[in-house]
Amino acid sequence: MKKRNILTIIIFLFCVATSMAQNAENGKTGILLVHYGTSNDNSRMQTIDRLNARVAETFTDCAVVEAYSAPSVIKMLAKRGVRKLSVSQAIDSLKTMGCSKLVVQSTMLLDGVMTEMLKKEVNRVKKDFRSVSAVRPLLYSVDDCRMMIEMINKSLLTDKSVDATKTQVVLVGHGSDSPANAMYSQIDYLLKAEGKPSWHVGTIEGFPTIDNVETQLAGVRNPNVLLVPLLYIAGNHQKDDIDGVWKQQLQAKGYHVEVFGKGLGEMKEIQEMIIGKIAAQVKDVDSGKANNATFHK
């Protein structure tokens with residue numbers, strides 16, 4: 001009888017251990033959405049909050065948590081009583097929720113300082129998850145540039161307030177002092193090489209400058225210019241720089257200038273592109289294909 005009881009206990013413990021292992025194997029997937037962040041409440045609602053909501057609605061079986069990568073924005077919002085998590089805090093939150101698989105998706109455009117910080121943070125915690133998948137920034141490869149151009153073009157075509165076919169389209173990015181700034185010149189070259197000679201690229205704080213854009217515009221007869229923010233969140237840069245400095249300077253040179261009043265994050269097409277990237281990652285971590293913190297396309 002005693003041997004039978006011992007055997008029963010051993011079998012019971014084995015079943016419990018097996019069940020626990022299966023639960024860990026089939027554990028919950030956490031989706032971490034990383035944004036630079038913004039202190040502009042309206043822009044945040046139209047971009048970050050909207051994407052967060054769409055991701056949560058799409059991936060109902062996953063835990064979805066956002067993080068801001070800019071400490072200055074987190075501190076600024078905290079003074080107004082708005083709490084935003086840092087990347088490390090958001091990852092801790094997903095671990096607390098019992099997530100054993102992690103999908104990391106950022107809305108940052110370039111592979112600069114903030115994406116390096118994100119890589120370090122993900123690599124630091126990858127041992128805490130059974131499977132981790134993270135993607136590169138939205139603009140990393142030539143294919144990324146092609147897709148971004150296609151999405152912007154679709155958004156312009158569906159907006160009845162503009163006619164991009166009868167104007168010079170100028171994409172206005174932020175600019176950077178890192179090597180990643182070369183991506184803007186690549187996009188400009190790609191536009192010209194693949195049949196969009198009336199599309200140009202300039203930056204607010206990098207190269208090409210507004211003067212470089214003016215040089216390109218000087219060679220065309222069409223005086224109509226449409227400024228389109230090449231910014232995930234347009235916010236204050238659109239109001240102060242694009243609607244302000246850029247529009248005024250070009251108008252002073254005789255151009256008829258309009259501003260497309262949407263950042264990339266407000267475009268439905270861009271949101272769907274990001275959701276598609278997340279879906280591919282969720283599939284990878286659920287199938288076990290993603291078992292480290294390699295950054296994917």
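Predicted model: local features only at pLDDT ≥ 70, side-chain atom pairs only at ≥ 80, totals over all residues.

Numbering starts from 1 along each chain as its sequence is written, and side-chain values use heavy atoms, with hydrogens and water left out.

Helices (H or I, at least four residues) and strands (E, at least two) are DSSP runs, numbered from the N terminus. Two strands pair if DSSP finds at least two bridges between them. S1 and S2 are parallel and share six bridges.

Is S1 enclosed or open? Seven of the eight residues of S1 (residues 28-35) are buried, so the strand is largely enclosed by the rest of the structure. Buried here means under 20% relative accessible area, exposed over 50%, and partly exposed in between (1.4 Å probe, protein chains only).

**Stop two: helix H4**

Pick residues 71-79, helix H4, and show Val-73, Ile-74 and Leu-77, its buried residues. They span an arc of only 100 degrees around the axis, which puts them on the same side of H4; the arc is that of the directions from the helix axis to the C-beta atoms. The buried residues pack against helix H2 (41-46) and strand S2 (63-68), with contact meaning heavy atoms within 4.5 Å. Turn to the face pointing away from the buried side and you'll find the exposed Lys-75 and Lys-79. Then step along to Gly-81, which follows H4 and has a positive phi, near 85 degrees.

Next, colour the open sheet whose four strands come in the order S6-S5-S7-S8, with parallel pairing. S6 and strand S8 (256-259) are at the edges with a single partner strand each, so one side of each has no neighbour in the sheet. To see one of the pairings, select Leu-227 and its bridge partner in S8, Val-259. S7 and S8 are linked by four bridges.

Helix H9 lies across S5, S6 and S7, at about 160 degrees to S6. Axes are lines fitted to C-alpha atoms, for helices over the stretch in contact, and angles run from 0 to 180 degrees between N-to-C directions. Which residues of H9 (residues 210-217) are buried? Ile-210, Val-213, Glu-214 and Leu-217 are. Looking down the axis of H9, you'll see them within an arc of 105 degrees, so they line one face of the helix.

**Stop four: the cores**

Select Met-148, Ile-152 and Leu-156, the residues with the most contacts inside the largest nonpolar core, which has 50 residues. A nonpolar core is a set of buried Ala, Val, Leu, Ile, Met, Phe, Trp, Tyr and Cys residues joined through side-chain atoms within 4.5 Å. Helix H11 (residues 268-287) gives this core its largest share, seven residues. Zoom in on Met-148 to see what it touches, including Leu-109, Leu-230, Ile-270 and Met-273. Last, find the second, separate core: it has 20 residues, among them Leu-32, Val-104, Leu-118 and Phe-129.

Note on methods. Lists of a residue's contacts leave out its neighbours within four places in sequence.
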